[in-house]
Amino acid sequence: IYNFRAVRDRLEKKGHSLKTQGDTEVLAHLAEDCEPIDVAAHLDGMFAFAIWDDARRRLVLGRDRFGKKPLFYYAGERCLVFGSEIKAVLAHPSVPRSLNTEAIPAYLAFGYVPTPGTFFAGIRSLPPGCVLTFDRDGALSVQSYWSLETLPQRSPLDRFTPDEAAGKVRTGLRAAVEKRLVADVPVGAFLSGGIDSSAVVATMADLVTGPVPTFTIGFEDEDGFDERPYARLVANRFGTDHMEFVVKPNAIDLVERLVWHHDQPFGDSSAIPTFLLSELTRGHVTVALCGDGGDEVFAGYERFAGALALRQYRRIPQSLRKGINTAVKQVPDALWHQRGRTIKRFVAQSERDPVDAFREWVSYVPEDLREALLPSASGWGSEDYRRVWGRFAEAPVLDRLQLLTIATYLLDDLLPKVDRMSMAHGLEVRSPLLDPHLAGLAFALPPRARIRGLSGKWILKRAMAGILPAEILHRRKRGFGVPLDRWFRRDLHSYVRSTLGSPTARIRAHVNGEALDRVLQEHASGSRNHGQALWTLLTLEIFLARGDFS
């Protein structure tokens, strides 16, 4: 809780006597003074808390605004079981171990189960920015104390010059980093060489004495996934104490450990390098700052620019679009470089509803494969997207796309990945770019301050101009990817074939076996790249094979 000292001072002025110097005790005293919803509203930080109010005979659970920290619960007839991990909830004898088969279609689409659902029937995730109250009569209520609707509000920033707005962003970033440096243990930073983590490291270097410990993960590959040279460039610029780690294909041996830590299948393969990066970092520091949230808050994803461009593309006569789409589809995946694959995905969605097109843009298993694997499924999670999309109907299109991403991909993919993989090693990771004040500052700016043409993070780049190397400011956006296509075609071909191709694979009870075999064959032959889809299916198989169901 980053503002615990300010909260503590207010409580003491009201007559409270606190006995410790840490951030936890303020919760108990706040609970004496406030209604449950106001306890969480007073806090600035990343947290999941439980408060037992003995006088009122009620339990209060709360989760931070963006959902950085997890909180799961099961509501039975006469009990409420809760914990920060699903395995903790399952440890209670009253909680059934029942597979939620309805989660599988959404999982194949997104690589996760959208909040509040899980892969276990009856176990739910408390939504971010919410408190849950469970009283003596067994009544359960969930209330929101903060929501994303508060973010897209225009302000005088709309009238600032670009340099004035950039100065505001620099000041906001500095404040966000500074509050996250407060710790009684060593603090370092993840450094990928992208603009987000580089901006955080640059700000840290200006705030601390001595070199900042920085940590980078990379690959020895020919696929363009290795970002170590860019990270070194930033490390040299700011004189950090820099360390690197190289991921090799045998890291796939970690898959069972990763599923265990997530408690569910998890389709994002970058959990592998995140796990190893956290292990490396924890050997030197206890707290690390990261650049997570920069793409969501400052509009860095190509799909944002792509969705905006899609609106322009649809103005081309339909007959011409049809010819372009047909020509692009005929080019095999293997012949495209990364930018080309982006174009192919772009034109493939050009005739669809914007929400469905955006969902497909982020899907880990393409639609044609999903329909072959689960021919009786429908929706594919579109109802979740439409519900969130509808919440922001009055906002500009770019705001809606960003808020949709924050409420789905950030909440259920990026944040759980970093939290589970870092906490597996006892490492606390803090995200300055997800500071609510800084996020509010970014959304107070007009959309043109975030995206210009096909270039995202325009105002963040402006804010860091002259501070970060030009190579970092102007390099193309890269995800924290893994060379799965090559790994599953070469080094790990036998492993994935024996695991998913086995007639006894548990996943075959839930998907079409012939379609699964076709995915394996197409990838092995090189006719299509299914690396990400295979990883998604592989983690589902590992989860099912554990057999933790009654």
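Please keep in mind that the model is predicted: local features need pLDDT of at least 70 and side-chain atom pairs count only at pLDDT 80 or more, while totals for chains, interfaces and linings use all residues. Residues are numbered from 1 along each chain as its sequence is written, and side-chain values use heavy atoms, leaving out hydrogens and water.

Start with the whole protein in cartoon view. You will find 25 helices and 12 strands; these are DSSP runs numbered from the N terminus, with helices being H or I of at least four residues and strands E of at least two. The radius of gyration is 24 Å, close to the 24 Å that the globule rule gives for 550 residues, so the protein is as compact as a globular protein of that length. That radius is taken over C-alpha atoms, and the rule is 2.2 Å times the number of residues to the power 0.38. Along the principal axes, the C-alpha atoms fill a box of roughly 75 × 60 × 45 Å.

Next, select residues 493–500, which form helix α23. Which of its residues are buried? They are Val 496, Thr 499 and Leu 500, where buried means under 20% relative accessible area with a 1.4 Å probe, protein chains only. These residues cover an arc of only 80° around the axis, which puts them on the same side of α23; the arc is that of the directions from the helix axis to the C-beta atoms.

Note on methods. Buried means under 20% relative accessible area, exposed over 50%, partly exposed in between (1.4 Å probe, protein chains only).
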